[in-house]
Amino acid sequence: MSDPAGNNVVRAVLEGIKIGSPGSNNMMPSFAGAYSDEEIASVSNYVIGHFGGKQGTVTAAEVRAARVL
């Protein structure tokens with residue numbers, strides 16, 4: 001987690017992720033429809049801080065912009 005801007009975290013929360021390996025499929029669903037831009041920014045900043053040891057700088061405006069990509 002060397003990206004305090006959180007671009008990858010935001011994309012993962014918005015789009016979900018699927019990681020497959022032989023005999024196992026793991027996934028996290030998309031949360032784009034369940035949470036507001038402010039909520040996704042907050043959880044992204046929490047993840048950056050908790051797992052990356054840095055203060056996240058994700059804003060609701062950045063999440064809003066990421067939704068349209």
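**Reading a predicted chain: terms and values**

Me: What makes up the chain in terms of helices and strands?
Reply: The chain holds 3 helices and 2 strands, where a helix is a DSSP run of H or I of at least four residues and a strand a run of E of at least two, numbered from the N terminus. Read along the sequence, the pattern is α-β-β-α-α. This is a predicted model, in which local features need pLDDT of at least 70, side-chain atom pairs count only at pLDDT 80 or more, and totals for chains, interfaces and linings use all residues. Residues are numbered from 1 along each chain as its sequence is written, and side-chain values use heavy atoms, with hydrogens and water left out.

Me: Why is Ser44 called buried?
Reply: Buried means under 20% relative accessible area, exposed means over 50%, and partly exposed lies in between (1.4 Å probe, protein chains only). Ser44 has 0% relative accessibility, so Ser44 counts as buried. Ser44 is found in helix H2 (residues 37-52).

Me: Which residues is Ser44 in contact with, leaving aside its neighbours within four places in sequence?
Reply: Contact means heavy atoms within 4.5 Å. On that basis, with neighbours within four places set aside, Ser44 touches Val9, Val10, Val13 and Val58.

Me: What makes Gly16 buried, and where is its place?
Reply: The relative accessibility of Gly16 is 16%, and therefore Gly16 counts as buried. Its place is in the loop between H1 and S1. Gly16 follows H1 and has a positive phi, near 80 degrees. Beyond four places in sequence, Gly16 is in contact with Arg11, Met28, Pro29 and Ser30.

Me: Why is the pair of Phe31 and Tyr35 called tilted?
Reply: Rings of Phe, Tyr and Trp (its six-membered ring) pair if their centres lie within 6.5 Å; planes under 30 degrees apart count as stacked, over 60 as edge-to-face and the rest as tilted. By this rule the count is 1 aromatic pair. The ring centres of Phe31 and Tyr35 are 5.8 Å apart and their planes stand at 50 degrees, so the pair is tilted.

Me: What makes a set of residues a nonpolar core, and which residues form the largest one?
Reply: A nonpolar core is a set of buried Ala, Val, Leu, Ile, Met, Phe, Trp, Tyr and Cys residues joined through side-chain atoms within 4.5 Å. The largest such core has 10 residues: Val9, Val10, Val13, Leu14, Ile40, Ala41, Ile48, Val58, Val63 and Ala66. Two or more residues come from each of helix H1 (7-15), H2 and helix H3 (60-67). H1 gives the most, with 4 residues. In soluble globular proteins, nonpolar side chains tend to be buried together.

Me: What do the buried residues of H1 pack against?
Reply: Val9, Val10, Ala12, Val13 and Leu14 are buried in H1. The buried residues of this helix pack against strand S1 (17-21), strand S2 (24-28), H2 and H3. With neighbours within four places left aside, the contacts of Leu14 are Ser30, Phe31, Ala32, Ile40, Val63, Ala66 and Arg67.
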